[in-house]
Protein chains: 2
Amino acid sequence: MKLATLKNNRRDGRVVLVDRDLRNAVAVTDVGSTLQELLDNWASVEATLKQRYEALNRGELQGAEKFDPAQAAAPLPRAYQWCDGSAYLSHAELVRKARNAEMPAFLYQDPLMYQGGSDSFIGARDDIEVADEAWGIDLEAEIAVITDDVPMGVSRERAREHIKLVTIVNDVSLRNLMPHELSKGFGFFHSKPSTAFAPVAVTPDELAPYWDGAKLSLPLISRVNGLELGRPNGGADLDFDFPTLIAHAARTRRLIAGTIIGSGTVSNRDPGVGSSCLQERRMIEKIDSGEMKTPFLAFGDRVEIDMTNPEGRSIFGAIDQRVVRYVPSA
Amino acid sequence: MKLATLKNNRRDGRVVLVDRDLRNAVAVTDVGSTLQELLDNWASVEATLKQRYEALNRGELQGAEKFDPAQAAAPLPRAYQWCDGSAYLSHAELVRKARNAEMPAFLYQDPLMYQGGSDSFIGARDDIEVADEAWGIDLEAEIAVITDDVPMGVSRERAREHIKLVTIVNDVSLRNLMPHELSKGFGFFHSKPSTAFAPVAVTPDELAPYWDGAKLSLPLISRVNGLELGRPNGGADLDFDFPTLIAHAARTRRLIAGTIIGSGTVSNRDPGVGSSCLQERRMIEKIDSGEMKTPFLAFGDRVEIDMTNPEGRSIFGAIDQRVVRYVPSA
């Protein structure tokens, strides 16, 4: 199944089923009005949703409308939890290598994960609003899963069954605010403004054969101003898969339905596939030539993130955003 | 006004108005069924709620029921955001002094704040469930405010008007998991399990003359197994007041209605008032005698946190919890 949230005059928008080709959508008002509501009751609504989805794909469903990704909010416009991992250690290795530092051994056993802000996600076509270009605006192309209720202390084996939806994410980062925040020791805060989500979230069964229950083995394509930044494969060089990340997140507390778990910047060890964020390209430049040449994003820049199947069709719809200057009201 | 959320069979419970003396409560179903819903529409519901509240206090409201704090969930059982500051620097100073470290000067200008998990708060009488006593279970008695929608880049001056509710909190901490998490640089995660909230959240007007729009000047009393741990005053030695913390939180992104901003452990420089967490008492012991004597919490221990007016009446209702062993299901 594919699900999206269309903007309306309500904070949580209205949830719709979207067909496989992202052409048509249909409301499921009698089943639930928001995606959070569906996730709250997933076990009891899933079968009905599946029937509707199949009928929609066969063109048999009354009340279908054209799906316009520009009208999509984030699938969960406000969520109760966003936990973002750093599951591709080749990214962390490059960061360390660029500053001639050693990778601490424990990072290979114990995932990095930060608690992200989840109250104000932005849609796939929404502007990235930042007050100051000097903050070092960067994209981060990631894969994320959305869970139902996960008990505290869940095992990696049992964590797998709690993955209900998969999507892709632009975890916007303000790089130049990070060193100070990291030196304070309390984690990211200002350096992580609102995260953007693809128009559509997709159930794992829909992603076969590229989803194996733990990771999604397709290239994640990022472009800046139309030029490809990278296409690393989500299934390659993943040091911590999603069940591992979920078990990590639930070690000392339960996770409530609608929790979103991110992979961190997708990164492969093959330098030929490029990067999912500008920071990583800059690190590679520094290692190769001693100098970081690629600038961070400027106002007016365009960021696209997409994942297609081998036939070239977008799975989640594309993230396609502009960076704009935010001017606070008086 | 005083507002509470009573547990029912729904995830967000049902919101009630509670009278000044915490004796009677009344549903406001026609205005809103959950506290989040009220906060989403605060400007349009506030006047009606105030009328009902005054009638309830005069004993004139039909349909009032006895208020039982044991039935209270957290005012927001699941929230979209929990940002916890560290506004009383005397706490940080003691931590540094105990390890003979200097306080970095920037900490006096730039608040510490971490993004906390907000998806599964617990009620004032709910057990603190922890799998392992060796994790170093501690209470942290704090004051917190709940905001409406706050624009990105809000000034400290304008932040004040966004404070809609005030309450007290037990920000449970797992001290022995912190050093490793802090060394990873991504902030607290495992070391911050579900936070507990007082039964009642209170509008600022109700707190006069102890609330000045920026801080709450009353002692916050903590007890462990019936023995007083501390009673520092929320209005003393506050290095960053709530408008400052809100402006800090909103520097690079907006905050959505229902955002909770915590003060961090309330701590005064007068050692005679004691502490709001065991960690601080242990630091003082180390400074005084070279040895931390007070243990962290054990299974079966009782934690109480309360704030009373000068007549000795509880304002928010007491937090009164037991620490219990959590056994994961297979």
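This is a predicted model: local features need pLDDT of at least 70, side-chain atom pairs count only at pLDDT 80 or more; totals for chains, interfaces and linings use all residues.
**View 1**

**View 1. Helix α3 crosses helix α7 in chain A.**
Two packed helices are described by the angle between their axes and by the distance between those axes. Here α3(A) spans residues 89-98, and α7(A) spans residues 278-289. How do the two axes lie? They come within 9 Å and cross at roughly 40°. That angle makes α3(A) oblique to α7(A). Angles under 35 degrees would count as roughly parallel, and 65 to 115 as roughly perpendicular. The crossing of α3(A) past α7(A) is left-handed. From α3(A), the contact takes A:H91, A:L94, A:V95, A:K97 and A:A98. From α7(A), it takes A:E280, A:M283, A:I284, A:K286 and A:I287. Sorted by type, the residues of this contact are six nonpolar, one polar and three charged.

**View 2. Helix α3 of chain A is mostly covered.**
How many of the 10 residues of α3(A) are buried? Seven are. They are A:L89, A:S90, A:H91, A:A92, A:L94, A:R96 and A:A98. Buried means under 20% relative accessible area. What covers these residues includes α7 of chain A. Among the buried residues are A:H91, A:L94 and A:A98; A:H91, A:L94 and A:A98 also take part in the contact with α7(A). Just after the helix comes A:N100, with a positive phi of about 55°. Most residues other than glycine have a negative phi.

**View 3. Helices α3 and α7 also cross in chain B.**
In chain B, α3 covers residues 89-98 and α7 covers residues 278-289. Their axes come within 9 Å. The crossing angle is roughly 40°, which makes α3(B) oblique to α7(B). The crossing is left-handed. On α3(B), look for B:H91, B:L94, B:V95, B:K97 and B:A98. On α7(B), look for B:E280, B:M283, B:I284, B:K286 and B:I287. What kinds of residue make up the contact of α3(B) with α7(B)? Six are nonpolar, one is polar and three are charged.

**View 4. A cis peptide bond joins A:A208 to A:P209.**
Most peptide bonds are trans. The bond from A:A208 to A:P209 is cis, with omega near 5°. Where is A:P209? It sits in the loop between β13 (200-202) and β14 (221-224) of chain A. In chain B, the bond joining B:A208 and B:P209 is cis, with omega about 5°. B:P209 lies in the loop between β14 (200-202) and β15 (221-224) of chain B.

**View 5. A:L22 has a positive phi.**
A:L22 is not a glycine, yet its phi is positive, at about 60°. This leucine sits in the loop between β2 (14-18) and β3 (24-27) of chain A. Is A:L22 buried or exposed? Its relative accessibility is 14%, so A:L22 counts as buried. In chain B, phi of B:L22 is positive too, near 60°. B:L22 lies in the loop between β2 (14-18) and β3 (24-27) of chain B. B:L22 is buried, with a relative accessible area of 14%.

**View 6. B:E140 is a buried loop residue.**
B:E140 lies between β9 (137-138) and β10 (141-147) of chain B. With 6% relative accessibility, B:E140 counts as buried. What is B:E140 in contact with, leaving aside its neighbours within four places in sequence? The contacts include B:V169, B:N170, B:D171, B:S173 and B:R175. B:K192, B:T265, B:S276, B:C277 and B:I305 are also in contact with B:E140.

**View 7. B:E311 is an exposed loop residue.**
B:E311 is found in the loop between β18 (302-306) and β19 (319-325) of chain B. Its relative accessibility is 59%, so B:E311 counts as exposed. In sequence, B:E311 and B:R282 are 29 residues apart. In space, they are 32 Å apart, C-alpha to C-alpha.

Notes:
Residues are numbered from 1 along each chain as its sequence is written. Chains are lettered from A and ligands numbered from 1 in the order in which they are written. Side-chain values use heavy atoms; hydrogens and water are left out. Axes are lines fitted to C-alpha atoms, for helices over the stretch in contact, and angles run from 0 to 180 degrees between N-to-C directions. Helices (H or I, at least four residues) and strands (E, at least two) are DSSP runs, numbered from the N terminus. Angles under 35 degrees count as roughly parallel, over 145 as roughly antiparallel, 65 to 115 as roughly perpendicular and the rest as oblique. A crossing is left-handed if the near helix is turned anticlockwise from the far one by less than a right angle, and right-handed if clockwise. Contact means heavy atoms within 4.5 Å. Ala, Val, Leu, Ile, Met, Phe, Trp, Tyr, Cys and Pro count as nonpolar, Asp, Glu, Lys and Arg as charged, and the others, Gly among them, as polar. Buried means under 20% relative accessible area, exposed over 50%, partly exposed in between (1.4 Å probe, protein chains only).
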